[in-house]
Amino acid sequence: MKVLFSGIQPTGALHIGNYFGAIKNWVKIQFDYRTFISIVDYHAITIPYDKKEMPERVMDMAINLFACGIDLEKTNLFIQSEVPGHADLTWIFNSVTPMGELERMTQFKDKSQQHKKNVNVGLFDYPVLQAADILIYKGEVVPVGEDQIQHIEFTREVARYFNKRFGKTFPECEALLTKTPRIMGLDGENKMSKSKNNIIGLLETEAEIWKKVGAAKTDPARIKKTDPGNPLVCNIYSYHKLVTGEEEREEISEGCRTAGMGCVDCKKIFVKNLMKVLNPIREKYENLKMNTHSIREILNNNAEKCRHIAKQTILETKDKMGINPVWKL
Ligand code: TRP
């Protein structure tokens, strides 16, 4: 079985963009690989954060992922900082990575713009830690969104630099792109993201979601219900693609174009279909939440397994590099 690795930032609560854009796919393919999913808290600390919130953000992410269907036994879900080998391998990779490669990274450029007062070395080195995440397990397949392609290409390059200098050690991994196009926020302007305040939360109730969706923009040219609309430019219609079957979607599209169906009715169908996906997730979340003890235990066990694998890779790597004391016992 090939090794699959992916990471997710501990943002706390998830939104439907995370779910339909990434997690749903992880859930689907987790059984086809030897699967590792990491909650990347060491990545998260490269931008300003509230230390009081972080433990909750990490644990909540774990529970959310299990509630979405990440398998408690099959998938190795773990907390990045609990496996020190990631940081160890980062340092090793730092010494084969040209600065110029990191200077090109668009995510670094964006984030250093957003946090001008806190452009720390960790933020610059972020892609190297990401490469170490993947390669410490000799990951081959990395399911990510489009915004991470550059980091995966970079990871391949790091593997090449290392292999060339010290001998074949790491595989050249490939990105597995999720087919879902990027999911826009309720504002219809930005990618759905907590920081943009435009999300539909995965655990929100129907009433909460309806309040937001009811107020969301549709086709701007459709002012009155009797105006025909264009589903192709309507953000809500793009959401239908996530939860509504093809046949029903055809009817909605037709209704919109002919002004036979108003935006309110279209939105109602969307929320109804969305809740069919979200209700079971919320129920599972609430169940797991009553059992945080066993979640903590699973995360401990997984970190232990990961530490074991990571140790093997670090030993092999150091050996290849000549940082192995000769007075071995
Ligand atoms: N940088 C990724 C993101 O922001 C998260 C991440 C960290 C990751 N390490 C990874 C993704 C390794 C894939 C593989 O989404």
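Start with the interface between domain 1 and domain 2 of this predicted model: the two bury about 950 Å² against each other, and carbon and sulfur atoms give 76% of that area. On the domain 1 side, pick out Ile16, Phe20 and Ala67, which supply 48% of the area that domain 1 buries there, more than any other three residues.

Show the contacts next: 12 residues of domain 1 meet 10 residues of domain 2. A search for salt bridges across this interface finds zero.

Now select residues 16-29, helix α1. Its 14 residues, at 1.5 Å a residue, should span 20 Å, and the end C-alpha atoms are 19 Å apart, which agrees. Follow the axis to Ile23, where a kink of about 40° is centred. Ile23 is also one of the buried residues of α1. Ile16 and Phe20, already picked out at the interface, are buried as well, and so are Tyr19, Trp26 and Ile29, among others.

Last, go to Leu288 in helix α12, residues 263-289. Is Leu288 buried or exposed? Its relative accessible area is 13%, under the 20% cut-off, so Leu288 counts as buried. Display what surrounds Leu288: beyond its neighbours within four places in sequence, the contacts are Ile63, Phe66, Ala67 and Ile295. Finally, draw a distance from Leu288 to Asn64: the residues are 224 apart along the chain, yet their C-alpha atoms are separated by 9.0 Å.

Terms used:
Residues numbered from 1 in each chain as written. Predicted model: local features only at pLDDT ≥ 70, side-chain atom pairs only at ≥ 80, totals over all residues. Heavy atoms only, no water. Helix = DSSP H or I, 4+ residues; strand = E, 2+ residues; numbered from the N terminus. Expected span 1.5 Å × (residues − 1). Bend = angle between axes of the 7 residues up to and from the residue. Buried < 20%, exposed > 50% of the residue type's maximum accessible area, 1.4 Å probe, protein only. Contact = heavy atoms within 4.5 Å. Buried area = accessible area lost by both parts, 1.4 Å probe. Salt bridge = Lys/Arg side-chain N within 4 Å of Asp/Glu carboxyl O.
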